[in-house]
Amino acid sequence: MSSEKRAWWKEAVVYQIYPRSFADSNGDGIGDLNGITAHLDYLKALGVDVIWVSPVYASPNDDNGYDISDYRAIMPEFGTMEDFDRMLEGIHARGMKLVMDLVANHSSDEHAWFVESRKGRDNPYRDYYIWRDGRDGAEPNNWGSCFSGSAWQYDEASGQYYLHLFSRKQPDLNWANPKVRDGIFDMMCWWCDKGIDGFRMDVIGMIGKENYDDGPVAPGALYGDFSPSCMHTETTHRYLREMRQRVLDKYDLLTVGEAGGGPEDAIRYSNIDGSELNMTFHFEHTDGLNDGTELGKWSDHGSPLKEVRATINRWQTALQGKAWNTMHMSNHDQPRQVSRFGNDSPLWRVKSAQMLGTLLHMMRGTPYVYQGEELGMTNIYFDSIDQYQDIEVKNAWKQWVESGRVDAVDMLRWFAKISRDNARTPMQWNRQPNAGFTTGTPWIAVNPNYLAVNAEDEMADPDSVFNYYRRLIALRHEHDIIVYGEFVPLLEDDANVYAYRRVLDGKALTVMCNWTDRTVPCALSTDGGEELISNYPSHKPGFLRPYEARVLLGEA
């Protein structure tokens, strides 16, 4: 057996729930905690070990719960603290664990700290947030918000601006103030003492602002990039080491940071000495749609195999033996993975979704399954701006379309391809009205393909995406090589096949995935060994059929 240190969070499979869209128990059209509790047996049947629930804290919902007004209260739309406690108890009773979303780069502007902070420059809470005087009658610097527009909001009462790297209703907390850190760490301990099992840390790589200099401006862009001053700074690492000493070391937790950056950044955040986090999310493979223009991710740039493979393989090899990785292609901020990287047509949706699942679950790193991914849920392809709910989409529409800079037809096409709302449509449970998500009017439209794509049908179909995911997850639990094996890239110049090998203790696991809707040659398919899993019942020697995936276990 490898000498690598074992850990439960390395061997786990995590399932992300976006609670607003998972299951509605009371008919108000909004998913809730009791809806989650009612479906815990479904998650247990899938085989996952950890449930990560996106924010359920009290919030005015400017950014669907990522704007928190009270970190120790539950949003009334989602239920009560008693409902939360019952959910947590149900998760633990089934041998699973719960990871909470920690949103601590910013709060809501309705949080008590900010309500006090904006009362005046002399208020004791003023320094809990980042306030600055204007410059030459305008904003303090040229930074743009992640949600379009300036990152600064002018406050008439005090004559100063406050920083918001996201929505204007999400003012950034001032981590340089020790009282802010004390408050956040105390809140984290409060949740850990309740019995939760970890934190997914939202945009944690932004907490350590080091200066407020103007950022570089991309050609044609309206605002400057704040990244050089706010991303992956030494100050952020100092704060995380303090968090480790004051909170994380007191509990046995899974900690994953939404940090972005490159492999060198991930190695610092999730180094093997354990001084900061267990692992981080990176987005280089999903950011492949960003074509580098002032429009950011809004474009037609695709995700060809060559680019995706080069990025994922670079991460696999760079982190090996230095930091733990995460494996994902979708979440609440990304479009559906089968629509983005695969083929969501009725003909190839199932095979394509199974192939992508194979690719991810056989790799080195903790797999994250986003709700509905295990069913092969697809993009919804809205065709009107009125159908969207996401603040990112609404702000981009104002900035680019209403200003006349981008044609509405083009923007709608890009939204349909990569908007976040694609992942936020309700979970498709059955063929009942609204896919069994709610007896009321859903907060966002249900994908009309729920008659063909739903949990009830898939659980009964041995060849479904759901049952294939069950097998993938079970294999990870059964074979150490899938968790701890060395990653070795294969066929790196192949235009059609993504292949790699895992090696451990004299054994080799060979993984081959056809990314196309054609039968293509693949000499690896003639290798000997035990077939652990495949999405086809039979094989053509020397070839892979459309979206075929095979995993062979043999001697190294």
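This is a predicted model: local features need pLDDT of at least 70, side-chain atom pairs count only at pLDDT 80 or more; totals for chains, interfaces and linings use all residues.
Helices (H or I, at least four residues) and strands (E, at least two) are DSSP runs here, numbered from the N terminus. With that in hand, R502 belongs to strand 15 (residues 497-504). Residues are numbered from 1 along each chain as its sequence is written, and side-chain values use heavy atoms, with hydrogens and water left out.

Back to R502. Is R502 buried or exposed? R502 is buried, with a relative accessible area of 0%; the cut-offs are under 20% for buried, over 50% for exposed, and partly exposed in between, using a 1.4 Å probe and protein chains only. R502 and A221 are 281 residues apart along the chain, and their C-alpha atoms are separated by 44 Å.

Eight strands make an open sheet in the order 11-10-9-5-2-1-13-12, with parallel pairing; two strands count as paired if DSSP finds at least two bridges between them. At the edges sit strand 11 (279-281) and strand 12 (326-327), each of which pairs on one side only. Within this sheet, strand 9 (residues 198-201) runs parallel to strand 10 and is joined to it by four bridges, and M201 stands opposite G257 in strand 10.

Strand 7 (residues 152-155) and strand 8 (residues 160-163) run antiparallel, also with four bridges. Y154 faces Y161 of strand 8. The hairpin these two strands form has four residues between the strands, and G159 takes a positive phi near 75° there.

L253 counts as buried at 7% relative accessibility. What is L253 in contact with, leaving aside its neighbours within four places in sequence? The partners are W8, W9, C192, I196, D197, G198, F199, L248 and N278, where contact means heavy atoms within 4.5 Å. L253 and L277 are 24 residues apart in sequence, and 9.7 Å apart C-alpha to C-alpha.

W9 turns up again in the second largest pocket: among its 27 lining residues, K5, W9, K10, N271 and I272 lie nearest the centre. On a 1 Å grid over the protein atoms alone, a pocket is an open set of points with protein on both sides within 12 Å along at least five of seven lines, a cavity is a set where a 1.4 Å probe fits but cannot get out, and lining residues have an atom within 4 Å of a point. The volume of this pocket is about 530 Å³, volume being the space filled by probe spheres set on the points, which are joined across faces, edges and corners. Its lining divides into ten nonpolar, six polar and eleven charged residues; Ala, Val, Leu, Ile, Met, Phe, Trp, Tyr, Cys and Pro count as nonpolar, Asp, Glu, Lys and Arg as charged, and the others, Gly among them, as polar.

There are four cavities of 30 Å³ or more. The largest cavity holds about 50 Å³ and is lined by R336, Q337, V338, A353, E373, G376 and M377.

Finally, the cysteines. A disulfide needs a pair of cysteine sulfur atoms within 2.5 Å, and the count comes to zero.
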